[in-house]
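Reader: Take one part of this model and look at it closely. I would like a single connected account, from the outline down to individual side chains.

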Amino acid sequence: MENTIAIVPRNDSVPQASSVGSPAESKAANAPTSAAPQPNPDIPPMGLAMRSIIVAIANTEKRERVAQYWRSKDYSVLAAANGLQVLDELMDALLGEVYVDATPMLLIVDDVLPGVLGRTIVDGVRDLGWTTPIVLIGGRARVGDDWTIALPEGCTDAVLHESAQALAKRSAANAITAEPAAEKTMPLATTLGLLGFRWSSHDDRFELCPPIESNNCLWSGTLTSWAANIHPKDRALVGRRFLRFANGQLKRLLVEVRWRAHFGRYRWVEIRGHKQPNQMIVGVVVDIDRVKRRQLRSAREAQRDGMTDLCNRKEFERRLGMRAKHTRDFGMLFLDLNGFKPINDALGHLAGDELLRQVGERLRQCVRQNDLVGRLGGDEFGVLITGPLGANRLIEVERRIHVAIGRPFTIAKHTFVMSTSIGSVDARTVSGSVVELWQAADVAMYRQKRGSHLVPLQA
């Protein structure tokens, strides 16, 4: 994240500061001086560090118009289309990578936003104790919230800019004149990124505490009540690991789970613990969200086809092999597009890539959520139909795919229809290995392909 800087509107009555290389640097050198005290660069600012403005408005035209207004006044602006982008921008402060108060100078948000509602963002910011100025469009401010201005949904740009400017100026003056408090220099990581815990298996008393040796208790309750903030899919795992470790069935306590943090978002944490006398387990909860998500993203990318976002051939074969080890109640479809090469040659590779993406999306819509669709290479696709199959399950899926692929495609201003050849195999009818199952589907596909044809391109 870039260094935290103070940015205020160009106004003779308020001092202006910027970091080296910022757009306001040349203006700051000639700006009139003020008697107001300048913040000490070695002390984290109190209240608000005015680094940037976030404009989160659902309407694209209005969002860009408002963002451009503030950019024209030399502010650093993030234009966000949904609430998740706003949370991502605030996450560095939540992780303690910047000081708690190093939040954006101003938030301009719609009450109704895709992903996360604007009102949820406002509540989360206020629950953290931040005094970030917020202009909420189309919603209501909390009672007693002096740092949120609620405007009607149809307010004009002039009213919006005037209200935001007044709130930003007041906040800027407050940030510059405030005296920094010593406790404000502690990053939020001490309460989110790294936590200590103590658990007595004798009376099931669980305490969250600072990560260093301390008798202070930040929260206390039972192991079950603490685990209520853990993702439902990970909750049982935590309980089992703690109990098995306490009973001596595990040599060490080490588990990665998703923990609900600020704004209701789940973050990956690593729980480590060791035993002490009197049936006490002590340890730490470490935020590993960024590393874990990077690992998961890398693993996912290794399994996906970059063009269609379907699984690739290697992952499809792995999943097929795993399914065959446990049951034979499944089916496989192997399909090939008829006449793909002429389209690719006539319209170009970009059009061919777009066709493959559209085909992949249509295939997804033809199967259930727990079925698997993969691109096996070129214009070949595979579908793994999980059981129970039922009497006509494969026939129904095959018919659905033929209908879906037979609908017209419009790519590069050309409209055309095409067909596909499908080889389907019920694993219960093939007693051999996965290789033999694959061969049976391949033979069935080429048998059908001999009678297929492509409808010519149409303007």
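Author: Strands here are DSSP runs of E, at least two residues long, and helices are runs of H or I, at least four residues long; both are numbered from the N terminus. On that basis, S200 lies in strand 6. The model is a predicted one.

The whole protein comes before the part. It has 13 helices and 17 strands. Of its 459 residues, 44% count as buried. Take the contacts with a separation of 6 or more: residues 24 or more positions apart account for 60% of them.

Strands of a sheet pair through backbone hydrogen bonds, either parallel or antiparallel.

Strand 9 pairs with strand 10 (residues 266–276) in the antiparallel sense, over eight bridges. Two examples show how they run. V257 has V269 of strand 10 as its bridge partner. R260 has Y266 of strand 10 as its bridge partner.

Side chains along strand 9 alternate. L253, V255, V257 and W259 point to one face and are buried.

W259 deserves a stop. Its relative accessible area is 10%; the cut-off for buried is under 20%, so W259 is buried. How do the two rings meet? A pair of aromatic rings is described by the distance of the centres and the angle of the planes. For W226 and W259 the centres are 5.9 Å apart and the planes are at 65°. Planes over 60 degrees apart count as edge-to-face, so this pair is edge-to-face. It links distant parts of the chain: W226 sits in helix 6 (residues 223–227), W259 in strand 9, and 33 residues separate them. Both belong to one aromatic cluster, formed by F197, W199, F206, W226, F242 and W259.

At 9% relative accessibility, S200 is buried because the value is under 20%. Beyond its neighbours within four places in sequence, S200 is in contact with R205, Q279 and M280.

V282 lies in strand 11. With a relative accessible area of 13%, V282 is buried. Leaving aside neighbours within four places in sequence, V282 is in contact with F197, R198, R272, G273, H274 and Q276. V282 and L208 are 74 residues apart along the chain, yet their C-alpha atoms are separated by 9.9 Å.

R267 lies in strand 10. R267 is buried, with a relative accessible area of 6%. From R267 to R293 the chain runs 26 residues; C-alpha to C-alpha, the two are 9.1 Å apart.

Helix 10 (residues 340–347) and helix 11 (residues 349–366) pack at an angle of about 135°, with axes 6 Å apart. Helix 10 is therefore oblique to helix 11. On the helix 10 side the contact uses F340, I343, N344 and L347. On the helix 11 side it uses H349, A351, G352, L355 and L356. The contact residues divide into six nonpolar, three polar and no charged.

Key:
Residues numbered from 1 in each chain as written. Predicted model: local features only at pLDDT ≥ 70, side-chain atom pairs only at ≥ 80, totals over all residues. Heavy atoms only, no water. Pairing = 2+ DSSP bridges. Buried < 20%, exposed > 50% of the residue type's maximum accessible area, 1.4 Å probe, protein only. Axes fitted to C-alpha atoms, helices over the stretch in contact; angles between N-to-C directions. Parallel < 35°, antiparallel > 145°, perpendicular 65-115°, else oblique. Contact = heavy atoms within 4.5 Å. Nonpolar A, V, L, I, M, F, W, Y, C, P; charged D, E, K, R; others polar. Phe/Tyr/Trp six-rings, centres within 6.5 Å; stacked < 30°, edge-to-face > 60°.
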